[in-house]
Structure formats: C-alpha cells, structure tokens
Amino acid sequence: MAIAEYEDPDTYTQDGTTDRHGNPANRKKTGNWKACPYILANEACERLAYYGMSTNLVNYFKDRLHQGNATAANNVTNWSGTCYIMPLLGAFFADAYLGRYKTIVIFMIIYIFGMTFLTLSSSVPGLKPSCNPQGVCHPTTGQTAACFIALYLIALGTGGIKPCVSSFGADQFDENDVKEKKRKSSFFNWFYLSINIGALIASTVLVWIQNNVGWGWGFGIPAVVMAIAVASFLWGTPLYRHQKPGGSPLTRIAQVLVASIRKFRVKVPADTNLLFLDKAAVGTESDNLKEGLVSPWRLCTVTQVEELKAIVRLLPIWATGIMFATVYGQMSTMFILQGNTMDLNIGSFKIPSASLSLFDTLAVILWVPFYDRLLVPLTRKFTGHDRGFTQLTRMGIGLVISILSMLAAGVVELVRLHWCASMAYTARMTTCPCRSSGWSLKVFTFIGQLEFFYDQAPDAMRSMCSALQLTTNALGSYLSTLLVTIVTHTTTRGGKLGWIPDNLNVGHLDYFYWMLAILSVVNFFMYLIISRWYTYKKTVGTVG
C-alpha cells in the first residue's frame with residue numbers, strides 16, 4: 001500500500017521502512033527510542049554471554065585443555081577472528097533475502113545451541129577433560145574437539161547477529177526526519193554502552209564464577225542469558241521498523257565488475273555532469289537494448305555503480321582499522337597472561353586476571369554519557385559539526401589512544417620484569433609482586449566505526465558494510481596470531497626461551513608491545529593520509 005493512499009502522509013516514515021505487516025511504518029507507533037530498549041537489552045545480554053565466555057577463554061585453554069601461552073593465545077585469536085569474519089555471511093542473508101529481523105532471530109537460536117554444547121563439554125563427565133588432584137588436566141582429542149565444535153557454532157551464531165543488530169537499531173530512526181536523524185547518532189553511543197554493561201558483568205561476576213565455582217556454571221549462565229536476549233528481542237516485535245531486503249549485494253557488485261571488464265575499451269561520457277557514470281553503466285549497441293531486454297551482466301544501473309564506488313571508497317579507511325583491532329585483541333590474550341603473573345590482591349580479595357578488563361569497560365561506561373551529553377555539545381560550538389567531531393576525527397583519536405595503550409602496557413611489563421629481577425625471582429616462579437594498570441579507551445574508534453560504516457554505506461548494503469567493519473576485528477585477530485607465531489618462531493631459535501615463553505618472568509613480552517606500538521604509529525600516519533583524501537557520501541539524485 002502506498003503512503004499516498006493515507007490521509008496524512010506525514011504520519012509515516014519517508015525512508016521506506018515498514019511495520020511488521022509490510023505497511024508503511026507509523027512514526028508514532030513504531031521505531032524511534034520506544035523500540036530501542038528491547039534492542040539495547042538484547043545487545044547487552046548477548047555481549048554478556050559472549051564476553052562471559054571469551055574473556056577468560058585463554059585461561060580455559062591453559063588450565064583445562066593444557067595448552068601453552070602462545071598456543072592458547074593463538075587459539076583465542078583464531079576463534080575470535082572467525083567470530084568477526086562470520087558477519088559477512090549474516091549480512092549477506094540479511095541484505096539479500098531475510099531482512100535484519102529474521103536473520104537476528106535465526107542466528108540467535110544457533111548461538112544458544114553452541115552455548116549449550118559448550119556448557120555440556122565443560123561439565124558432563126566424558127565430555128569435560130579429566131584433571132588430577134594437582135589440577136593438571138589431560139583432555140582427549142575428542143574432548144578438545146567437542147570444545148572447539150561448540151565454540152565455532154557460537155562463532156557462526158554471533159556472526160549472524162553482529163552486523164544486523166546495530167543496523168537494525170539505526171533503522172528505527174528516519175533519516176529524512178531532522179530530529180530522528182540526530183537521535184540516531186546518539187543511538188550508536190548508547191548501543192556501545194549496552195555492549196559494555198554486558199561486558200562489565202561478564203568480566204566480574206562470570207569470571208569469578210568460572211574461577212571459584214566451576215566452568216560448567218561459568219558457561220551455563222551465559223547460555224541462559226542468551227535465551228533472555230532472544231526473549232527481549234522478540235518482546236519488542238510490534239514496535240520495530242523494517243527495511244526490506246534489497247537483493248544480493250555481492251551479485252550487484254559482481255555484475256558491475258563483469259560489465260566493466262567487458263567494456264574495457266568503451267569510453268565514458270565526456271559530459272562533466274555524468275562523471276559518476278563508469279563503463280558498466282554506459283549503453284552500447286552490443287548490449288541488445290531492444291524491447292528493454294538487457295543482461296545485468298552487460299549493462300548495470302547507475303545505482304549499482306555508485307554502490308560499488310561507495311564500497312571502494314570505504315576500503316582504505318577499513319584497512320587502517322585492522323591494526324587497531326590487533327592492539328585491542330591483546331586484552332583477551334596477552335593482557336590476561338600478563339595479569340596471571342602479577343600480584344592482584346587488594347587486601348584479602350584477589351582480582352581474577354580476566355577481570356582486569358573491567359577497568360576498560362568502566363571507562364567506556366563513564367565516557368559514553370560524558371561524550372554524548374557534554375563533550376559533543378561543547379565541541380559542536382567550536383567545530384560547527386552536528387556530532388561534535390567528524391567520524392574520521394573520532395576514529396583518529398581512537399588510533400592515538402591505542403598507541404598510548406601499547407606504550408603503557410610495555411612500560412608496565414618492563415617495570416614488572418625489573419621488579420622480578422630485583423627480587424631475585426627464578427625461572428621456576430610464575431608471579432611477581434607488581435600490580436597492573438592502564439587500559440585503553442575505545443569510545444572513539446569503535447563507536448566512530450559503527451556510525452561511519454552505517455552512514456557511508458549504500459542504503460541496500462548497510463548490513464554488509466557493518467559486517468565489513470567487523471571484519472577488521474577478524475583480520476586484526478588473525479594478524480595477532482601471525483605476529484605471535486612469527487615472534488615465537490624467530491625468538492626461540494638456538495634454544496632461546498623467546499619473547500613469549502610459558503613463564504613470562506623469563507621472557508620479553510614488553511618487546512612484543514613495543515613492536516605493536518611501532519606498527520600502530522605507522523598505521524596512524526597512513527590513516528592521516530587516507531582520511532584527508534576521503535570524501536563523505538553525498539545524496540545522489542536520480543537521472544532521468
């Protein structure tokens with residue numbers, strides 16, 4: 001039913017969104033902030049489940065699967081990389097066939113199956129590894145396989161959810177309404193806040209349960225929380241606005257590439273008003289335009305061409321996010337292994353090493369309201385920009401902070417090793433009386449990326465571009481694995497212990513952090529060059 005058939009067209013959204021019945025979405029009855037609590041609650045629960053399992057995973061691999069530091073760290077980053085590469089699959093289904101709502105529901109069910117199987121693999125006799133009275137475990141090949149099957153089911157489930165939830169939340173705000181467009185910018189801030197609320201509970205309560213009660217409970221509770229996430233999301237169904245699937249974005253991109261190759265020798269129009277056209281959109285006699293029958297693999301629409309151009313413009317910015325993700329990935333691997341060697345006692349209470357990430361989480365929880373309510377209005381007066389900082393400026397600030405975080409981590413490790421040496425600690429000893437400090441803020445880069453890739457994406461490819469943004473985390477994780485593997489292989493030659501031995505007191509983890517800091521500096525200067533070249537997407541009118 002067309003909007004024009006209604007008595008009051010202003011009552012309905014102008015961005016093509018519909019209600020759950022496929023009718024134009026009513027502004028007062030659907031979307032906006034009234035729909036967001038269910039989406040944000042779902043995200044908080046899903047992130048609690050994810051971080052409740054992943055935050056302490058490196059210690060689970062060490063303690064229950066009997067893996068060394070480097071192996072455990074690489075297994076975590078390999079799995080994490082898969083979690084962030086799977087969004088491409090979820091985004092494909094969302095944009096091409098199912099829409100974001102159905103994709104979220106289907107993949108959340110897969111997620112719950114994975115969480116349930118992981119709980120069983122850590123608690124049921126025969127599936128869980130057997131350990132001797134000294135706490136040394138010797139898992140069988142089958143038990144290790146059961147654990148990894150569960151983990152990669154979870155990777156598939158979370159991959160389907162990740163690119164869709166943030167985009168689905170942003171869909172609740174009409175871009176053609178000035179007030180709603182401003183609210184959408186705030187949504188990304190609060191969306192990221194909900195992520196960190198879930199992460200805070202995971203890094204404190206769930207990590208404590210895993211260390212003091214048992215891994216079965218530690219993994220079982222996140223499984224129950226995921227069920228709550230599904231219920232929360234479904235509860236808000238009557239209020240949601242939906243964008244209709246626009247067909248396979250990958251097919252449209254492939255058609256432009258094929259058509260461009262076929263017309264390699266065709267000249268583009270000289271008219272300066274038609275510079276956005278490329279060879280794929282130029283009609284020729286060989287296209288057989290009779291009766292309007294033409295193969296989309298020979299002649300593409302201007303929209304298709306512009307979609308591809310938008311993706312190409314995003315790629316350089318996207319590439320600079322990989323190194324940032326590599327740095328951030330150390331929080332779930334090397335930072336925890338580093339924390340295992342430290343004195344984490346506060347009086348009679350000992351902070352679990354995996355809970356050290358709560359300082360980063362607390363920083364984000366405090367920073368998001370401050371940024372959204374105070375810093376943005378203040379900077380808006382000086383910059384004249386509606387969002388205070390531009391998205392590219394915001395991401396650049398985050399890259400600088402990531403460099404500082406690696407320098408801080410290196411200094412902490414250097415001090416720790418010096419303390420170990422001064423206290424005459426031997427290679428047999430595994431802990432030194434040095435406290436950890438300094439966790440990086442990620443408010444700027446991650447939230448800036450969420451907003452940037454949503455805004456700059458073609459309308460029909462927003463889930464795909466959100467997935468593209470998440471693949472920086474995947475490649476960052478894989479890059480971390482590669483760097484650890486190279487460093488381990490290189491620094492252990494000639495019988496040396498290397499930078500990252502199982503006993504970090506006789507290693508040089510600080511060298512690894514310095515290396516990441518140097519790579520991050522190089523990456524930042526590349527980002528400066530690329531960001532100066534980038535031009536923000538402009539609305540393109542139709543060509544008659």
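Author: Let us begin with a definition: two residues are in contact when they have heavy atoms within 4.5 Å. This is a predicted model, in which local features need pLDDT of at least 70 and side-chain atom pairs count only at pLDDT 80 or more, while totals for chains, interfaces and linings use all residues. Residues are numbered from 1 along each chain as its sequence is written, and side-chain values use heavy atoms, with hydrogens and water left out.

Reader: Leaving aside neighbours within four places in sequence, which residues is A310 in contact with?

Author: A310 is found in helix α9, residues 302-329, where helices (H or I, at least four residues) and strands (E, at least two) are DSSP runs numbered from the N terminus. The C-alpha atoms of A310 and Q456 are separated by 7.3 Å, although these residues are 146 apart along the chain. Once the neighbours within four places in sequence are set aside, the contacts of A310 are Q456 and P458.

Reader: Is A310 buried or exposed?

Author: The relative accessible area decides this, since buried means under 20%, exposed means over 50%, and partly exposed lies in between (1.4 Å probe, protein chains only). With a relative accessibility of 4%, A310 counts as buried.

Reader: At what angle do helices α4 and α14 pack?

Author: Axes are lines fitted to C-alpha atoms, for helices over the stretch in contact, and angles run from 0 to 180 degrees between N-to-C directions. Angles under 35 degrees count as roughly parallel, over 145 as roughly antiparallel, 65 to 115 as roughly perpendicular and the rest as oblique. The helices α4 and α14 are therefore roughly antiparallel to each other. Their axes lie 8 Å apart, and the packing angle is about 175°.

Reader: Which residues of α14 meet α4?

Author: On the side of α4, the residues that take part are P87, L88, A91, F92, A94, D95 and R100. Their partners in α14 are R462, S463, M464, A467, L468, L470 and T471.
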